[in-house]
Amino acid sequence: MKTENAIVIIGGGPAGLAAAVQAYDSGARDILILEREPRLGGILNQCIHNGFGLTRFKESLTGPEYARRFERAVRERNIRAMTDTTVLSLTRDRQVTAVNAAEGAFTVRAGAVILAMGCRERSRGALNVPGTRPAGIYSAGTAQKYVNLKGYLPGKEVVILGSGDIGLIMARRMTLEGAKVRAVCEIMPYSSGLKRNIVQCLDDFGIPLYLNHTITKIEGEKRVTGVVVSEVDGNKRPIPGTEMHFDCDTVLFSVGLIPENELTKSAGIPLCAGTRGAAVYQNRETEAPGIFACGNVLQVHDLVDFVSEEAEIAGRAAAEFVSGGAGERDAADCVNGKNVSYVLPQKIDKNLRGDVKLFFRVTGTFRNCTVLAESGGKILAGRKRRIAVPGEMETLLLPAEKLKEIEGELVVRLEEESWK
Amino acid sequence: MEIKHLTCIECPMGCALEAGVEDGRAVYVKGNSCPRGKMYAENEVVCPMRVITSSVRAADGRMISVKTSAPVKKSEMLEVMKKINAVHPEGRVRLGDVLAAGIADGADLVATDDSPL
């Protein structure tokens, strides 16, 4: 079966929903959301804790509450969504092939495609943690699904590797449900989680956080019986003699998220090494004309509020594209300089209108510093920061009138001394 | 006078705060680098309060996510959790429904999601 849709959105999580609403409100009417799970909302459905929406709605919502707001907005506009539907392939000329139980396999020729597939968790296998392979080892997100959506506690004595936000949230969640969380180990000298989560998920319950530590052995035959934790040196190598032993029946991994870009790659769309997402222009269009990307499939965000904001950029741009708004490009590269690990967008089209919000992450903890965007020896934007940390995304606004002043490439960097 | 050590959560600085507590009130705050840190410590040493989020098993066996409608005393969180886990709503639940009135001082237990169809 072959059908046509003006805009096809792959993924019905926070990015896909916000992109759909914005595309509609920008004039598009023929919009189709394809979602793999039985329900719209994506990962928010299992993130039952609060703290979502503080930036966007100025109130603290739980994940499901945040998701339902956008789901309702989609329903009110009668935007079509197919759930239980998995996208199998995407081509550069925007043919989307998907499958579900009702329709079988089908292909949609799309006027524009918005990639909103989100990300998945890095696994134990990706880290090569030595030891046996017993039951009781989960990614933090899997444990979250068991506890919150299925009502099963996956273990009673827990050690968590990685201090990402999901791991911290699960430390609190499992403690509230009666488990004992023995330790959270973080190989880096700082936590990648939000400060409020360190305080309210660990400190509130007296759970120790071991920075510069990692799990060097998992023990147990049928079920996990314990782990060995070692301190690491500056090169993240375990230091002999620092081993500590913890008895536990469960190990959770919260060691990072990887944008889920298999479809992007199959369409031949180039990815950026720093973000592991597609390289995009400021309107979130990839190198393939008419294919846009937003949310965690593009860059792993700290807050869903920023996912929604980014998705709206992509939704608006996709609506413009299908109404024939694509103009000629005047592109400049946007690259990371000193103390910055990546910048998004990776390309700036000087012919596009509007301010450009640059998103980037810094490589370490810096106090009283300045972040700035420079081109051709001229500083086009900058601001002072009392503190910048890798765990919290930085932004810098490049005003619309500065776009024409970009000569060659635009470099975003952090200066350790305050710049005047 | 009791001395309490806290980490400020108002911004990523995460200032290490020290508060002197007398008669249940902060008489001084040190270590903060802005007024928000002082306010955070003053509130936090009196009676720290937290919203509890959890999920409960509905009568049909499916889970429904919930929260307390107001913050509850941090020291009473585990007690309140026991009451939350005894709640088993029947019939279709809608986001915002009160599932257990007065589950803690000044707080109801409220559904944060609709029952899946």
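Biologist: Which residue of strand 3 of chain B stands opposite G20(B)?
Modeller: This is a predicted model, in which local features need pLDDT of at least 70, side-chain atom pairs count only at pLDDT 80 or more, and totals for chains, interfaces and linings use all residues. Residues are numbered from 1 along each chain as its sequence is written, chains are lettered from A and ligands numbered from 1 in the order in which they are written, and side-chain values rest on heavy atoms, with hydrogens and water left out. Strand 2 (residues 16-22) and strand 3 (residues 25-30) of chain B pair in the antiparallel sense over five bridges, where pairing requires that DSSP finds at least two bridges between the strands. In this arrangement, the residue opposite G20(B) is Y28(B).

Biologist: Which residue in the turn between strand 2 and strand 3 of chain B has a positive phi?
Modeller: Strands (E, at least two residues) and helices (H or I, at least four) are DSSP runs, numbered from the N terminus. The two strands form a hairpin with two residues between them. The turn residue with a positive phi, of about 50°, is D23(B).

Biologist: How many Å separate the centres of domain 1 and domain 3 of chain A?
Modeller: Domain bounds come from an automatic or database domain assignment. For chain A this gives domain 1 (1-121 + 257-326), domain 2 (123-255) and domain 3 (328-420). Taken over C-alpha atoms, the centres of domain 1 and domain 3 of chain A are separated by 26 Å.

Biologist: Which residues of domain 1 of chain A lose the most area to domain 3 of chain A?
Modeller: In chain A, 19 residues of domain 1 are in contact with 18 residues of domain 3, contact being heavy atoms within 4.5 Å. The buried area, which is the accessible area (1.4 Å probe) that two parts lose on being put together, summed over both, is about 1600 Å² here, and carbon and sulfur atoms give 54% of this area. Together giving 37% of what the side of domain 1 of chain A buries, the residues that lose the most are Y281(A), Q282(A) and D302(A).

Biologist: How many salt bridges does the rule find across the interface of domain 1 and domain 3 of chain A?
Modeller: The rule requires a side-chain nitrogen of Lys or Arg within 4 Å of a carboxyl oxygen of Asp or Glu. Across the interface of domain 1 and domain 3 of chain A, the number found is three.

Biologist: Which three residues supply more of the area that chain A buries against chain B than any other three?
Modeller: The contact between the chains takes 32 residues from chain A and 29 residues from chain B. The area buried between chain A and chain B is about 2600 Å². Of the area that chain A buries, 21% is supplied by L176(A), K195(A) and R386(A).

Biologist: How many charged residues are on the side of chain A that touches chain B?
Modeller: The count between the two chains is six salt bridges. D204(A) forms a salt bridge with K74(B), the closest N and O atoms being 3.4 Å apart. On the side of chain A that touches chain B, 10 residues are nonpolar and eight polar; Asp, Glu, Lys and Arg count as charged, Ala, Val, Leu, Ile, Met, Phe, Trp, Tyr, Cys and Pro as nonpolar, and the others, Gly among them, as polar. The number of charged residues is 14.

Biologist: How many residues apart in sequence are the parts that E312(A) and R56(A) tie together?
Modeller: The side chains of E312(A) and R56(A) meet in a salt bridge at 2.5 Å, N to O. E312(A) lies in helix 8 (residues 304-322) of chain A and R56(A) in the loop between strand 3 (50-52) and strand 4 (61-62) of chain A, so the distance in sequence between the parts tied together is 256 residues.

Biologist: Where is P345(A) placed in chain A?
Modeller: The peptide bond from L344(A) to P345(A) is cis, with omega near 5°. The place of P345(A) is the loop between strand 21 (340-344) and strand 22 (347-349) of chain A.
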